[in-house]
Structures are given as C-alpha cells and as structure tokens.
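Here is a friendly briefing to read alongside the model. Have the viewer open and follow along topic by topic.

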Amino acid sequence: MARGALSLLALASLLGVAFGARPMSDMEILSGPTPPVWPLVYEMEYTISLPYLQTLQPGGLKYPVHVWWDGPGRRVRYDFYGGLDSSGGEANKGTAWNLYPRIDALRCDASNGTVGPTALGAALEGLGLGEGVATTPLPDISHWTYAGTARIGNADATAWQLNDRHGEKTASYTFYTAPNGWPVRLHMMGLNLLTGSHYDEYVLEWTRFKPGPIADRFFDLPGPCQELLGAGPQDGDVEASGRRLAGAALRAASVLPSALLGGAGSLALAALRDSAASAWAANAALVESHNARVAAATSASVSSSASATSASEAGSGSGSDGPSYTLSLNHFGHLTHRQWAATSLGLGPRRTAGAGGKLKLPSGRPYQRVLRNDQLPTQVDWRGSGADGPGVKDQVSCGSCWAFGVVGALQAAWFQATGQSLSFSEQQLVDCAWEYGNDGCAGGYIEPTLDYVIDAGGMAQESDYPYLAQNGYCRGPGVKAPASAGPPAPLAAKFSGYVNVPSRDEGAVMEALHLQGPLAVLINAALPPFKFYSEGVYHNDACGMEPDDMDHVVLLVGYGTTAEGVDYWLIKNSWSKYWGMDGYARVTRKGNDCGISLNAVFATVDAQAAEAVEAA
Ligand SMILES: *[C@@H]1O[C@H](CO)[C@@H](O)[C@H](O)[C@H]1NC(C)=O
C-alpha cells in the first residue's frame, strides 16, 4: 500500500466506488450540504466485514446484524446471523436477555432484576441502555464534512468524512448515505502515516433501513427467556449466567457502527461532546505516552552507557537496560477497555470442583524430563514451521482464546506426529465443548477442552467448520443439531491425551517446547498496555502470576535471550497479525512472566490415526 494517507479517491477506487465528477453548484457551496440526522426509532440490517481476516479464516468474516432501536422507549434488540444468536434489553422494564445455541438447543440467559443473575445493570449498560444517556447504534455524523457524491452499487450516494488524527496515527471514516438520508455504507480505516501501514479496517454495508414505529413484539422476551423468568428463581450457576449475559451485551454492542467509532453517537449533545474524548483518542494517548517514556529511557541509557558495566546485569525492568517494549495503536484502538476485555480474552474464571456437566479433574499425564538444563538449546523458535500451524488467526469479538490456544497445541501435536500441517476448527470447540465446563464466547479452559476433543473422537478442519466469532449449534460428532445448522463436519485428526508440564518449572517448560513443539499456556493479558504491544520484550510488574490472575490462553512457540541479555518467552496470540510482531510477542521469562510457565500443556496424537496418515 502507498505511503501516506489515502485520498478519498484512492479509497473510493479501493472500494469500487465511482465518484461523480459533478461540480458543486453555487447553492451547495453557499449553504453546504448537511449530514442527515438519524430518526429516533428505526430497524436496520447491515453486514460488517473485516477484510483483513480473509487470508486466514475461510470466507473471511461477514457478520449479518439486524438491529431494532427505540431510543425514546429505551429498548433495543440485536440479531446476528439471522437470529442464531440474539440479545436485547428494555431499560424501562428492567429486562435484558441473550438467546444463543448451546450444543443442540437454544438457551436463554435473562434477568428482570429479581429473577435471574444480578448482572442486569451491566447488561443494560453493555446494550447502550445504561443510566443517564443511551448510546445509539448509529454514530452522530452531524459534524462530519461533505466529501462529494458517489455511486454505490447502482445508486447515488453522498459521502461524509471524518478524519481523526492523533500524532502520526489517523483514523479515516467515510459514511455514504442515500438521497433520502438513510445509511448505505460505512468504511473505517486506521492508518499509520509514517509507515503507510493500516491497522484497522471495517466495512459496513446496509441492506435495509426502516425508520418509524416498531411493533412491541420485536422487543418482547423470546419464548425461552419468558419461560426462564416465569419459572421464578433459578437453580444452577447464576453467576455464570450473569457473566454470559453481560458479556453477550458488550459483544453485541462492539459491532455497532457507533462503538466502532470510539465514542458513540448519543442522544444528548452534552454527552456527545464528552464522547469526543473517545476510546480512540484515549488509546492513542496511552500508546504515545508509553513510547515517549521508552524513548526517553533509551536516550538516557545511551548517554550514560560509557560508565555502565554489563548490560545483562540490569535488574528485572528496573534499569534502563532491562526489558523494554513499544506500543502501537492497532485494531483495538476503537474499543473501550471493557468492550475489549469482554471480546478479546476468554479464559473462564477459576473453576470450582463439582460444577456439573462432564467436568472432571484434569486428566493430563505428568511430564517426565529427559534432559538436564545445560543440555537445552539457548533458543527455540517454532514460528513459520509446520508445528506453528497455518498462520496467525483472529478470535474477533468472542471470548474464545481458549479454543485458539487449544487448536494451536493440537495443530502442533498433529504436525509433529504425522508431518501434516492442518488448520483445525475453533468453532467446533466453541459450539460443542460446553458440557466440559466451557462457556462458548463467554470463556473456556485448556484441559476440559482437550477432554472434549479426546471424548468426541477428534477435530474437524477449519475449512469444513469455519469460524463465526459467536456461539453456534454443534456440528461435531454425535450431536443432532437443527437441520439449519448444516451437516456434521468430518473429522480430520484424532488425539489420545495430553500432558501437563510441571507448573513454574521453567527448565521443564523449555524442554517440552524444544522436544514436543508449541504448548498451550495461560497468561495475564488484561492489563491495558498489553493490547497495544508492538515489539520488544513485554514486562509488567503489575502482571499477576497466580492461577486467579490468569485471563487469556495463548500458544507458547519459543524462548531465547536478547542481545541485551533479557530472557524471554515467545508467544503466538489470536488477535490477528495486526497485533504485536505480526501476531507474536516476547514476554520476560525469568521473574515475572505474567503466568506463562504456570500451566503449559501439550496434546498426544492417537497412534493408529497417525499410522493411517503415514500409510496413506
Ligand atoms: C420478574 O419476574 C418474576 C417472575 O415472572 C416476577 O414475579 C417479578 O415480579 C418480576 N420482577 C420485576 C422487577 O419485574
């Protein structure tokens, strides 16, 4: 891509939009066309696509979203994929709900304040119906500038632009509206002006817009939710249900045009001005102040280096020669920290014994060491090898890190045993592994997921069971899902068990990584700088290292020591190649490693299945 900012025309050609050459009339120049004001009540359907995903996840990702919005009535409903998963809330009645597939049937999490989880307030806030000002699904574009006319498809459209600049980072938004003022297309792109690289691109295309009153029945609680509330106080895990409910609301809101714009359109003008201090600007400021501190520390250390002795003697992050890393505004730039945390992590809270389902004590075998520490290589790096899998994937707006971490470990084990580099289906795990204690897009665990894979008889490939970034019906073996879910996906690989490497035993983790290949590990990833990590060795004294501090699952793919003598772990994340070093990161190894050495696991392949591959 060319360096520098894209002009609107370049942007237009990129998007296949033809701009009219019509000169503006005197009339327009004098008064200036003004952006449309959205109605207060409307129904709309649009698809949101993330073009950067297309290279890895088959078919890319195209979310169909259906929104019913009643601003004055303070109620909203979102359907995804034609109602496969839906969420809604009504602030005046004090109800919020989420309807989703769980293996083979629809389930509801709902609350009316007295019945259901206590997460009602959090859920309503997530849906944009919190106390105070409601967040509208469409952004307020009243202050955007006129940018000419365009043809979109076969129709005329008017373009409105907003360029949000912070340092060398700019976010460029173009909203196309129809002659009657209805939304047609929104294109959003973040650019780094220095490098010309983009870190963020979304395209939203409207297929339907209908202003005016909406019948009550669209906002009514769906049948299963009515039954749930009508049944009175619930047994079971009310806390988990509250977590799912609040998480689903934040996930739903995170694909709204206004949320993607950082602030959010708002009903009240005063609040609109406040939202100018948008998530994007706040995040850009965090990135810039961190990098300025790092640059200052580096130049200080250069000027005093004549008197410095050995760089490697620097303590854990205290000295200027210790670990340091830079941040970069990336595709999380538009999300608030809460939205980000609800959609980009996904390790469930620490499990308590006896919580129903097929939950069992982790059945991993203990690891047996075969090498002494002094026999280990100084560096291991599986990046780009067959064991590293097909590339860096993206969990998008679903707390499914656990599925990506486990798939990474399974891909590695399968390659080591058979030489076959396959891409396995994270969606199979999200949809099918509930009974083992997982919670779909609301979180999951490493070992219970591996228990599912072994019991189910194996893994389907990504191409047969593509990723949706939301809960779906299970198409794994032995499940009769509704016909609309599609046929069961064929299995491509079979596993026999898994091995737990001793906790916090760095030598053992290094050896397993060296001999077995990439390992699924836990990490404390929720601290704000980590989501904008760009390069260097991440070190954060605030990182927790206890089981309760863990919130994310990643794949451990290497270790080593930098030229400055800083020991690091190398991890592969599931936040796309626009995060970190093309999707990977270094984290300090000795001392605080944010929990990476706490719970490392690798899978073992079914011997007969491996032999069958070799014989073929
Ligand atoms: C919630 O639903 C229950 C059961 O239908 C009902 O008894 C209760 O009054 C409702 N509470 C509120 C605040 O609406």
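**Disulfides and ligand shell**

The link of Cys108 and Cys225 is right-handed, with 105 degrees about the S-S bond. Cys108 lies in strand S7 (residues 105-111) and Cys225 in helix H4 (residues 223-230), so this pair ties together parts that are 117 residues apart in sequence. Helices (H or I, at least four residues) and strands (E, at least two) are DSSP runs, numbered from the N terminus. Please keep in mind that this is a predicted model, where local features need pLDDT of at least 70, side-chain atom pairs count only at pLDDT 80 or more, and totals for chains, interfaces and linings use all residues. Residues are numbered from 1 along each chain as its sequence is written, and side-chain values use heavy atoms, with hydrogens and water left out.

**Disulfides**

- The structure holds 4 disulfides, a disulfide being a pair of cysteine sulfur atoms within 2.5 Å.
- Counting bonded cysteines along the chain, the pattern is 1-2, 3-5, 4-6, 7-8.
- Between Cys108 and Cys225 the S to S distance is 2.1 Å.
- Cys432 and Cys474 are also bonded, with sulfur atoms 2.1 Å apart, and their link is right-handed at 100 degrees about the S-S bond.
- Cys432 sits in helix H11 (residues 426-432) and Cys474 in the loop between strand S16 (459-460) and strand S17 (491-493), so the pair ties together parts 42 residues apart in sequence.
- Cys543 joins Cys594 at an S to S distance of 2.0 Å; the torsion about that S-S bond is about 90 degrees, so the disulfide is right-handed.

**Burial of the cysteines**

- Cys108 counts as buried at 10% relative accessibility (buried means under 20% relative accessible area, exposed over 50%, partly exposed in between, with a 1.4 Å probe and protein chains only).
- Cys225 is buried too, at 0%.
- Cys543 is buried at 6%, and Cys594 at 1%.
- Cys401 is buried at 0%, but its sulfur is 9.2 Å from the closest cysteine sulfur, in Cys398, which is too far for a bond.

**Around the ligand**

- Asn112, Thr114, Val115, Leu229 and Gly230 are the residues around the ligand, where near means one heavy atom within 4 Å.
- A polar side-chain atom of Asn112 is 2.4 Å from a ligand oxygen atom.
- An N or O atom in the Thr114 side chain is 2.8 Å from a nitrogen atom of the ligand.
- A polar backbone atom of Leu229 lies 3.4 Å from an oxygen atom of the ligand.
- Taken alone the ligand exposes 360 Å², and the protein buries 43% of that (areas come from the Shrake-Rupley method with a 1.4 Å probe).

Notes. A polar contact is a pair of N or O atoms within 3.5 Å; within protein, one must be able to donate a hydrogen and the other to accept it, and residues adjacent in sequence count only if both atoms are side-chain atoms.
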